[in-house]
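This briefing goes through one protein chain by topic. Please keep the sequence and the coordinates at hand while reading.

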Amino acid sequence: MSKTMIQKYSAFSLPILSGILVSLALSPSGISTAAWVAFIPLFLFLNNKTVTAKQAFWGALLSGTIAGITVLSPLYTLEAWWWVSPGTIFWDYRYFFWALFLFAVALYSGGIFFGLFALLYRKFKKNTARDMLLFAFVWTVMEYGRAWLVAGFSWGHLGYSLHDAI
């Protein structure tokens, strides 16, 4: 691999790390203290001057999708196949289709949410104290919207992971 390819792909190591830390903060692992540092790598990535808005979106999308997969992973073990007729292609590949569906939901409910937040952050940040309040408010409003848009469920809110933490 060339040096530029390595640099290109290693640039997304910070969003991946952030996604893993967010995943650790959520169920089923429930290491809630990870939530306190989970977004540091993502914000380091977003504040990097060499990262374009497109890369910021894709990096945050990657981070959110990792977190979304973690939240939805227990559903993969669901054994409710009574509604699928045996002998059909859907029956034969039911675990593949189920994994594909859960990935799509994780991408929609986690990845796109993080990606849109990253775009808003990159566009409106001013590096002032107001940013702390503004983007906390934006995140909260987007979480509310996400809960409303994703079948009315509040899947994987970070607030739930911190309910028993000091």
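Which helix supplies the largest share of the nonpolar patch? That helix is α6, with four residues of the patch. The model is a predicted one. Its chain has eight helices and zero strands, and 37% of its 166 residues count as buried.

**Overall fold and surface**
- From the N terminus on, the order of elements is α-α-α-α-α-α-α-α.
- Among contacts in the chain with a separation of 6 or more, 63% are between residues 24 or more positions apart.
- The chain has an accessible surface of about 10400 Å², and carbon and sulfur atoms account for 74% of that surface.

**Nonpolar surface patch**
- The patch is formed by Tyr108, Ile112, Leu116, Leu119, Trp148 and Leu149, and together these residues have about 610 Å² of accessible area.
- Both α6 (94-124) and α7 (130-149) supply at least two residues of the patch.
- Leu116 lies in helix α6.
- Leu116 has a relative accessible area of 41% and therefore counts as partly exposed, because that class covers values between 20% and 50%.

**Nonpolar cores**
- The largest nonpolar core has 23 residues, and those that touch the most other members are Phe39, Leu42, Leu46, Phe114 and Phe117.
- Two or more residues of this core come from each of α2 (13-25), α3 (40-46), α4 (53-72), α6 and α7.
- Helix α6 gives the most to this core, namely five residues.
- Beyond its neighbours within four places in sequence, Leu46 is in contact with Ala56, Ala118, Tyr121 and Arg122.
- There is also a second, separate core of seven residues, with Leu72, Trp81, Val105 and Ala106 among them.

**Salt bridge**
- How many salt bridges does the count come to? The count comes to one salt bridge.
- Its partners are the side chains of Arg130 and Asp131, with an N to O distance of 3.6 Å.
- The pair meets the rule because a side-chain nitrogen of Arg has to be within 4 Å of a carboxyl oxygen of Asp, and the distance here is 3.6 Å.
- In general, side chains of opposite charge can pair when their charged atoms come close.
- Are Arg130 and Asp131 buried or partly exposed? Arg130 is partly exposed, with a relative accessible area of 36%, whereas Asp131 is buried, with a relative accessible area of 9%.
- Asp131 is classed as buried because its 9% falls under the 20% cut-off.

Definitions and conventions
Residues are numbered from 1 along each chain as its sequence is written. This is a predicted model: local features need pLDDT of at least 70, side-chain atom pairs count only at pLDDT 80 or more; totals for chains, interfaces and linings use all residues. Side-chain values use heavy atoms; hydrogens and water are left out. Patches are made of residues with over 30% relative accessible area and no salt bridge: like charges are joined within 9 Å, nonpolar side chains (Val, Leu, Ile, Met, Phe, Trp, Tyr) within 5 Å. Accessible areas come from the Shrake-Rupley method with a 1.4 Å probe; for residues, only the protein chains shown count as cover. Buried means under 20% relative accessible area, exposed over 50%, partly exposed in between (1.4 Å probe, protein chains only). A nonpolar core is a set of buried Ala, Val, Leu, Ile, Met, Phe, Trp, Tyr and Cys residues joined through side-chain atoms within 4.5 Å. Contact means heavy atoms within 4.5 Å.
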